[in-house]
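Me: Before we discuss the model, please display it. I shall then ask on what grounds each term is applied.

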Amino acid sequence: DLRFEQNIGIERLKRYSSPDYPGWGMMIPDVLRMKRFLTEFEQFKTDGTLPNLSIVYLPQDHLGGGVTSGAHMADNDLALGQLVDAVSHSAFWKDTLIVVNEDDPQNGYDHIDGHRSICLVISAYSRPGVNHHFYNQTSVLRTILHVLGLPPMNQQDARSPLMKECFVNEPNM
């Protein structure tokens, strides 16, 4: 069994961070990260509680490291599928939104092209199909804040469009 020691640099975040979730490292498979998350998720199901916000990073969509690009992507896709499968078959599904940002467009273009980034919106309330409305990372943040019932943090995210076209009013359980 592999052991990981987290070094959370922000004291206030330590109590909200999983000590068993592997930190950044491209040699760590995403399916191993997901195994750790799913262990915690089983405890959430047992307790009947789930944090209002969970950030699960699966960095193998970045490529690089000790295996081929195809192996990285397959690992990333499998881990994401395991996450969606577990959550969508739980009692939490009706109240859960999973937002997936692939790669890291950061503050503009990176080494390929900032237009190639995708965002998956996975929920019982997701509108099926492809949405061609323009959204950016700040739209994702504003939508998450809105779902959590929190106000915008500043003018930048206050003026970003909500991703309302991604959702329907009636859930598809």
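Reply: Helices (H or I, at least four residues) and strands (E, at least two) are DSSP runs, numbered from the N terminus. Strand E2 contains Ser-123. This is a predicted model, in which local features need pLDDT of at least 70, side-chain atom pairs count only at pLDDT 80 or more, and totals for chains, interfaces and linings use all residues. Residues are numbered from 1 along each chain as its sequence is written, and side-chain values use heavy atoms, with hydrogens and water left out.

Me: How many helices and strands are in the chain, and in what order do the elements run?

Reply: The chain has five helices and two strands, and from the N terminus on its elements run α-α-α-β-β-α-α.

Me: Why does Ser-123 count as buried?

Reply: Buried means under 20% relative accessible area, exposed over 50%, and partly exposed in between (1.4 Å probe, protein chains only). The relative accessibility of Ser-123 is 11%, and therefore the residue counts as buried. By the same cut-offs, 30% of the 173 residues of the chain are buried.

Me: What does Ser-123 touch?

Reply: Contact means heavy atoms within 4.5 Å. Leaving aside residues up to four places away in sequence, Ser-123 touches Trp-93, Thr-96 and Leu-97.

Me: Why are the buried residues of H3 said to be on the same side?

Reply: The buried residues of H3 are His-72, Asp-75, Asn-76, Ala-79, Leu-80, Leu-83, Ala-86 and Val-87. They cover an arc of only 130° around the axis, which puts them on the same side of H3; the arc is that of the directions from the helix axis to the C-beta atoms. These residues pack against H2, E1 and E2.

Me: Is Asn-76 buried or exposed?

Reply: Asn-76 has a relative accessible area of 2%, and is therefore buried. A polar atom of its side chain lies 2.8 Å from the backbone oxygen of Leu-58.

Me: What makes a group of residues a nonpolar core?

Reply: A nonpolar core is a set of buried Ala, Val, Leu, Ile, Met, Phe, Trp, Tyr and Cys residues joined through side-chain atoms within 4.5 Å. The largest has 17 residues, and those with the most contacts inside it are Phe-41, Leu-83 and Ile-98. Helix H2 (30–47), helix H3 (69–88) and strand E1 (97–101) each supply at least two residues of this core, and H3 gives the most, with five. A second, separate core of six residues includes Val-121, Tyr-135, Met-163 and Cys-166.

Notes. Polar contact = N/O pair within 3.5 Å; in protein donor to acceptor, adjacent residues only side chain to side chain.
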